[in-house]
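Take a moment with the sequence and the model below.

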Amino acid sequence: IWRRYRNVTRGGRDDRGFKRPPGPPLLPNVILPGGEPLGDSTYILRKLDVPDRSIYPPGAGAAFLCDLLEDFADEWCTKCMFHYRWVYDEDKAKAAAILPNFATRVTSDEMQANLAKAVGDRQIGRLGVVGSNPQSGHVIESSYIAILEVLKDHFHGGNGFLFGRRPSAADFALFGQLSQLVLFDPTPSRLAAEVAPNVVAWVWNMVDLSGHSALPSDWEDTTPTLRPLFTVLGITYAPLLLANDRAVKMGQKTVTVHTPWGSWTQPSFKYQSKCLAQLQQTYNSLPGPDKAFVDSALVGTGADKLFLPRTKL
């Protein structure tokens, strides 16, 4: 969707001869004109950003808040998507039947059935990796409803996007998860239609922004209506990041945190420790006025705890 906004050409699934990015096979992959492969959406967006259609709000403080929400969408909201898709029977059946056809030419009903079973078994087996289990499922579902309600109010306030009247990197990251939750998977899509029909419309409108305005004046200070979203982040993702970082540094294999919606347990991940380190590094490098702007936006939300001075373990 960002590709349409930025007018970047997409290749076909039969492309051959391109280098693969280092690390695990992830989508999307972007091949630069010189042949350099990129495979992390955050770095892709940064690398290909251009001033006339930039997806980062002006000012280091606002840009940092955008980065924080992008990370929240990429790392927490994906848990919502994965949970709903592979926990509920109707959702499991739809996803297992349809998803293999995006990557493989299915040539028979037998092949379709075998692929559906293989995909379903593999993904259901990974639920625990993202933290979806009978104990933490309520946390995921409560956070999803809270996100819908916050976005509903934010858009009711006259905002077309998270940071005003033009899309940001955080909008595109959020769209990546909501496009599945709101438009594909049956259970969360019904919830979205009941709780926040304007969010459903927002997701559809995000599908093609190729002709959307990108004037400097389209950026606005929306921190008052974003504070509830930072609060959801502060209830869920922030304590998980901090607990995970402690677990990684202490060599612990699992992480448990307690939220107002219940307890959360998942395996510890070095990658999410890197996410926290990057956010903290960027925050610490902000000029004084921009850091003060961020602090005023996050104070009391729980997200501010990510950036408090800490004793080294």
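Which residues does His83 touch, not counting residues up to four places away in sequence? In this predicted model, His83 touches Tyr88, Leu127, Ser132, Gly137, Ile140 and Glu141. His83 has a relative accessible area of 4%. Buried means under 20%, so His83 counts as buried.

Now step back to the helix around this residue. His83 sits in helix H3. Helix H3 covers residues 60-87, which makes 28 residues. From first C-alpha to last, H3 reaches 40 Å. That is close to the 40 Å expected at 1.5 Å a residue. Even so, H3 has a kink of about 35°. The kink is centred on Cys77. Of the 28 residues of H3, 25 are buried, so the helix is largely enclosed by the rest of the structure.

Next, look at a packing partner. Two packed helices are described by the angle between their axes and the distance between the axes. H3 packs with helix H13, residues 237-250, at an angle of about 95°. Their axes are 11 Å apart. The two helices are therefore roughly perpendicular to each other.

Which residues make this contact? From H3 come Asp71, Phe72, Glu75, Trp76 and Lys79. From H13 come Tyr237, Leu240 and Leu241. Sorted by class, the contact has 5 nonpolar and 3 charged residues. It has no polar residues.

Technical notes. Residues numbered from 1 in each chain as written. Predicted model: local features only at pLDDT ≥ 70, side-chain atom pairs only at ≥ 80, totals over all residues. Heavy atoms only, no water. Axes fitted to C-alpha atoms, helices over the stretch in contact; angles between N-to-C directions. Helix = DSSP H or I, 4+ residues; strand = E, 2+ residues; numbered from the N terminus. Parallel < 35°, antiparallel > 145°, perpendicular 65-115°, else oblique. Contact = heavy atoms within 4.5 Å. Nonpolar A, V, L, I, M, F, W, Y, C, P; charged D, E, K, R; others polar. Expected span 1.5 Å × (residues − 1). Bend = angle between axes of the 7 residues up to and from the residue. Buried < 20%, exposed > 50% of the residue type's maximum accessible area, 1.4 Å probe, protein only.
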